[in-house]
Amino acid sequence: MAALSAARAINAQDITDKARRDLLQLLEAVRGKKNLVIEKSLAGTIGLFVKFSTLQEYGVDKVFFLENHNVDSSQRNVVFLVRGENAKKVRTVAEQIKLVRSESKIEHDFTITWVPRRTLVSNTVLEEHGVLGEANITELPLHFIPLEHDLLSLELDDSFSDLMLRKDPTSIFASAQALMLLQKQYGLFPRILGKGDNAKKLADLLLRMRSEDDVNSSSDPNNAYLTSFGLTPSAVIENLIIVDRDVDFPTILSTQLTYQGLLDEVFGVSNNQTEVDSAILGGVVAPQADKSAAPATTAATKRKIQLDSSDKLYPTLRDGNFATIGPALNRTARRLQTDQQSIKQTEQSISDLKSFVQKLPSYQAEQASLKIHTSLAEEVMKTTRSETFGKSLEIQQNLLSGADPSTMHENIEELISRGVPLKIVLRLLCLESTLSNGLRARDLESFKRQILHAYGYQHILTLANLEKMALLTTRESHRGYLNPIASAAGDTATDITSVRRALSLWVDDVAEQDPEDTAYVFSGYAPLSVRLVQAVLQKSVIYNLANPPKLGAASIYAGPSGTGWKGYEDTITRIRGATVDVVQKGSDAGVSAARKTLRTGKEGPRTSVVFFLGGVTFAEVAALRFVGMRIGEASGRRIVVATTGIVSGDRAVGSAVESRVFGE
């Protein structure tokens, strides 16, 4: 019921339908047959809301990837679908237009559709290449794409590296645009809370956009309805909580231990799909992902598997700790076997047979899903039972629990000596660095030297990138709490010891089978990002974890109360980055009319939107679903997770790894 209520509060299907409608209208505007040239990173995103067969109905003849440079001239109309912020991609579009013009004997009509907006950069680059006037230019305002009913994503794969490595604020602006659209549809966020410097920038940008919209709306006499509605606090959304990824590096660097998280760690999950070797599935006929806007380019030995709510078993498995997946699959197998035997052994009446035939498709789909997830779980188990995984997980859990990091150095050095994949080593070193506000200079130099000797000197650039991202740094005496005369507390460093204690970031006794706390997603570690959300929505839970009632004493809550960060102000200031707490109030004019409009069509449960700027892990999504379920049972409130994209430790560290090799 909680899921259905949340879906009604913010209707994910409406968002999907609008995105599909906008794209098809743009294609329909280009009359006749057309070739579609699409950026690779957009292909999977487009496939989330439209099938390739639908594109064919709207005149698309062939689909090409922009990066392959293989556009042919078989059709007069050529449509480019590309992100407009990336100058390199824009340059590629210009070069391909010039190439097609020079090689083709017929006159072509080019249409460039920038996603999500047309930019000054795109105009400048096209003008420099002399093709600005040769193409019809349009926009596809593609913002939030629902991955699930309670998970919205901008699907910006590079948002983490853009913010942390390249210091590119483009994803902040894209996030502000997407959140403003939610405000225009559901009303103002009554309260904006956040933690982190980028979260502060995003909140300020939202306020600026609101002011600009107020001015534009007031000057338009035909926009009276939107003016009154847009200036009214939402009756559906309770607050917006912005979590800057910069605030909580340890969570993304840790190995996720939920089923969905481990699938991402082992195979990689992108656009609700994972790609595995056919040998892993054996003779299983995998339900193929819907054909998206791009043709299949994978080798015959690879198969794509759809991982979303359309799967019969996946929604019940994805958020569980991996230790519980084996028993869950076993129970499902026994149930299906019992059903099958009862059908064969019992004499069936005509009505019983009719009922069975109606249920047969569902039964077959569940059986196929069981075979697929059994095969995937067996493959994941090979990884989790390996010596390397066990050793790295042991180091990780010790670091997260607050053990002395120096005692782990010998184990990390052993992993380097064994030549384990570089990303495993870097994740552990970065985890220690982010938990301890840096490594001692002597230790860091020793690790750098060992990495260069073991993995190659090109990784001088890798280590420099990690330092720039603040993932692997030298411990400095003037940072944060390490010096009493340092700058404002929490500005540059996190007092992890006091935060771990105040927010109960480590829980010793974790019930993985029947969890009582969000710490089950990492088998002991509760993500700091999720604890920040709980500090707003579940104050009593955190207080009782940090101050467990004495044995036999009456369970009376005497902890902090109130809204926002109230009760945890001191703890929040001990976490690096700016703190955001903004209350948005509507204007007096038109408030009653707007509320009446809300009551007639948009009334629903009070929903909190948790936005991750820089990406979210599947483990954090699972933890927030757990929190949402608990507060839904207690007060009827709901949580919808929104993010710039999905991130993991390998993706975060991988964005810094130098792939080139000297001499090549």
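**Close-up views of a predicted model**

**Figure 1. Ring pairs join Tyr 259, Tyr 314 and Phe 322 into a cluster.** The structure shown is a predicted model. In total, it contains 7 aromatic pairs.

**Figure 2. Phe 160 and Phe 249 form an edge-to-face aromatic pair.** A pair of aromatic rings is described by the distance of the centres and the angle of the planes. For Phe 160 and Phe 249, the centres lie 6.2 Å apart and the planes are at 75°; the pair counts as edge-to-face because an angle over 60 degrees places it in that class. The pair links distant parts of the chain, with Phe 160 in helix α7 (residues 159-164) and Phe 249 in helix α11 (residues 249-253), 89 residues apart. Phe 160 is buried, at a relative accessible area of 4%, and Phe 249 is likewise buried, at 3%.

**Figure 3. Helix α23 (residues 528-537) crosses helix α24 (residues 539-546) at roughly 115°.** The axes of α23 and α24 come within 6 Å, and the crossing angle makes α23 roughly perpendicular to α24. On the α23 side, the contact comprises Arg 531, Gln 534, Ala 535, Val 536 and Leu 537, which meet Lys 539, Val 541, Ile 542 and Leu 545 of α24. By class, this contact has 6 nonpolar, 1 polar and 2 charged residues.

Figure 4. Of its 664 residues, 52% count as buried. The accessible surface of the chain comes to about 29,800 Å², and carbon and sulfur atoms account for 51% of that area. Among contacts with a separation of 6 or more, 79% are between residues 24 or more positions apart.

Methods: Residues are numbered from 1 along each chain as its sequence is written. This is a predicted model: local features need pLDDT of at least 70, side-chain atom pairs count only at pLDDT 80 or more; totals for chains, interfaces and linings use all residues. Side-chain values use heavy atoms; hydrogens and water are left out. Buried means under 20% relative accessible area, exposed over 50%, partly exposed in between (1.4 Å probe, protein chains only). Contact means heavy atoms within 4.5 Å. Accessible areas come from the Shrake-Rupley method with a 1.4 Å probe; for residues, only the protein chains shown count as cover. Axes are lines fitted to C-alpha atoms, for helices over the stretch in contact, and angles run from 0 to 180 degrees between N-to-C directions. Helices (H or I, at least four residues) and strands (E, at least two) are DSSP runs, numbered from the N terminus. Angles under 35 degrees count as roughly parallel, over 145 as roughly antiparallel, 65 to 115 as roughly perpendicular and the rest as oblique. Ala, Val, Leu, Ile, Met, Phe, Trp, Tyr, Cys and Pro count as nonpolar, Asp, Glu, Lys and Arg as charged, and the others, Gly among them, as polar. Rings of Phe, Tyr and Trp (its six-membered ring) pair if their centres lie within 6.5 Å; planes under 30 degrees apart count as stacked, over 60 as edge-to-face and the rest as tilted.
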